[in-house]
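Me: I would like a close look at a single part of this model. Please keep it brisk.

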Amino acid sequence: MADTKTRSSKILVVDDNPSARKTLRNMLKTIGYANVTDAEDGDVAFDMLKARQFDFIIADLYMPRVGGLELLQLIREEPSLRDLPFLMITEIGRAHV
């Protein structure tokens, strides 16, 4: 089980697939992360990151508008967000052109 500090961490889940966001939210809550927010793409997520503080980001690599790699680049270029921990995920077997 997660420790007290971990349970209070603010996590942002970013994925264009609503089912994937829900699954990740539920998995995180099951293991003790109670403060989980989500966004449907990197553009929305970046606006959220500028408006409030998060402790960790989990983002899908492939998303419309602003994908995970672009979001990571925006975060690393922003001095106030530069050191924010970031985990990139993707669906195996997902076809992209």
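On the other side of helix 2, which residues are exposed?

Reply: Pro-18, Ser-19 and Thr-30 are exposed on the other side of helix 2. Exposed means over 50% relative accessible area, buried under 20%, and partly exposed in between (1.4 Å probe, protein chains only).

First, the basis. This is a predicted model, where local features need pLDDT of at least 70 and side-chain atom pairs count only at pLDDT 80 or more, while totals for chains, interfaces and linings use all residues. Residues are numbered from 1 along each chain as its sequence is written, and side-chain values use heavy atoms, with hydrogens and water left out.

Helices (H or I, at least four residues) and strands (E, at least two) are DSSP runs, numbered from the N terminus.

Now the buried side. Ala-20, Arg-21, Leu-24 and Leu-28 of helix 2 are buried. Seen down the helix axis, the buried residues fall within an arc of 100 degrees, so they line one face of helix 2. The arc is that of the directions from the helix axis to the C-beta atoms. These buried residues pack against strand 1 (10-14), strand 2 (35-39), strand 3 (56-60) and strand 4 (86-89). Contact here means heavy atoms within 4.5 Å.

Then the ends. At the start of helix 2, a side-chain oxygen of Asn-17 comes to within 2.8 Å of the backbone nitrogen of Ser-19. Just after helix 2, Gly-32 has a positive phi of about 110 degrees.

Key. A polar contact is a pair of N or O atoms within 3.5 Å; within protein, one must be able to donate a hydrogen and the other to accept it, and residues adjacent in sequence count only if both atoms are side-chain atoms.
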